[in-house]
Amino acid sequence: MKIFGHPWIETEKFYLVENIEEIKKTAPNVTLEIEKFNRELMRYCQKNSLNYMVNVESIKEAIFANLLGAKYIKASKELAKELMPIAQNYLFDSQILGVISEDLEIEELAKSNVDGVCFK
């Protein structure tokens, strides 16, 4: 299980981007964060082989995010638990991250086989 945003664990950093110009200004080999599902930004990242994480609010958005090459798909804790069996069934390349706010929630998502967690 991957854990992002916890003070005990040093992990890759995400760079929030809102448009293509901001993407062009980021350093190479970083992981971009797209806060809201944005097909244009996701397609740009895919075409340019850029790693990115995208926040999704539905199963449909998660399916498209996977097809558009997202490295990570971030979702609410509840949605992440729903997405995991779908991601496993369809062999998603993307990893599913559930958003949490407390350490206690790590175990809950681990029991649901979610790929990782991201602290708020």
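Mentor: Let us begin with a term: a residue is buried under 20% relative accessible area, exposed over 50% and partly exposed in between, with a 1.4 Å probe and protein chains only. The structure is a predicted model, in which local features need pLDDT of at least 70 and side-chain atom pairs count only at pLDDT 80 or more, while totals for chains, interfaces and linings use all residues. Residues are numbered from 1 along each chain as its sequence is written, and side-chain values use heavy atoms, with hydrogens and water left out.

Trainee: Why is glutamate 108 called partly exposed?

Mentor: Glutamate 108 has a relative accessible area of 30%, and partly exposed covers what falls between the two limits, so the term applies to glutamate 108.

Trainee: What makes glutamate 108 and lysine 77 a salt bridge?

Mentor: The term asks for a side-chain nitrogen of Lys or Arg within 4 Å of a carboxyl oxygen of Asp or Glu, and the closest N and O atoms of glutamate 108 and lysine 77 are 3.3 Å apart. Helices here are DSSP runs of H or I with at least four residues, and strands are runs of E with at least two, numbered from the N terminus. Lysine 77, at a relative accessible area of 15%, is buried. Salt bridges also link Lys77, Lys81, Glu105 and Glu108 in a network, and by the same rule the structure has seven salt bridges.

Trainee: Which parts of the chain does the salt bridge of lysine 74 and glutamate 33 tie together?

Mentor: The closest N and O atoms of lysine 74 and glutamate 33 are 2.9 Å apart. Lysine 74 lies in strand S5 and glutamate 33 in strand S3, so the pair ties together parts that are 41 residues apart in sequence. Both residues are buried, and for glutamate 33 the value is 15% relative accessibility. Counting contact as heavy atoms within 4.5 Å, and leaving out residues up to four places away in sequence, glutamate 33 touches Phe14, Tyr15, Leu16, Val17, Met53 and Lys74.

Trainee: Why is the pair of phenylalanine 14 and tyrosine 72 called edge-to-face?

Mentor: Rings of Phe, Tyr and Trp (its six-membered ring) pair if their centres lie within 6.5 Å, and planes under 30 degrees apart count as stacked, over 60 as edge-to-face and the rest as tilted. The structure holds three aromatic pairs. In the pair of phenylalanine 14 and tyrosine 72 the centres are 5.8 Å apart and the planes stand at 90 degrees, so the pair is edge-to-face. This pair links distant parts of the chain, with phenylalanine 14 in strand S2 and tyrosine 72 in strand S5 (residues 72-76), 58 residues apart. Phenylalanine 14 is buried at 19%, and tyrosine 72 is buried at 0%. Together with Phe4, these two residues form a cluster linked by ring pairs.

Trainee: How do you know that the buried residues of H2 line one face of the helix?

Mentor: In helix H2 (residues 39-47) the buried residues are Leu41, Met42 and Cys45. Seen down the axis, they fall within an arc of 100 degrees, so they line one face of the helix, the arc being that of the directions from the helix axis to the C-beta atoms. The face turned away from that buried side carries the exposed residues Arg39, Glu40 and Lys47. Among the elements that cover the buried residues of H2 are helix H1 (20-25), strand S4 (51-55) and helix H3 (59-67).

Trainee: What makes strand S1 and S7 a pair?

Mentor: Two strands pair if DSSP finds at least two bridges between them, and strand S1 (residues 2-4) and S7 have three, in the parallel sense. One of the bridge partners is valine 117 in S7, which belongs to isoleucine 3.
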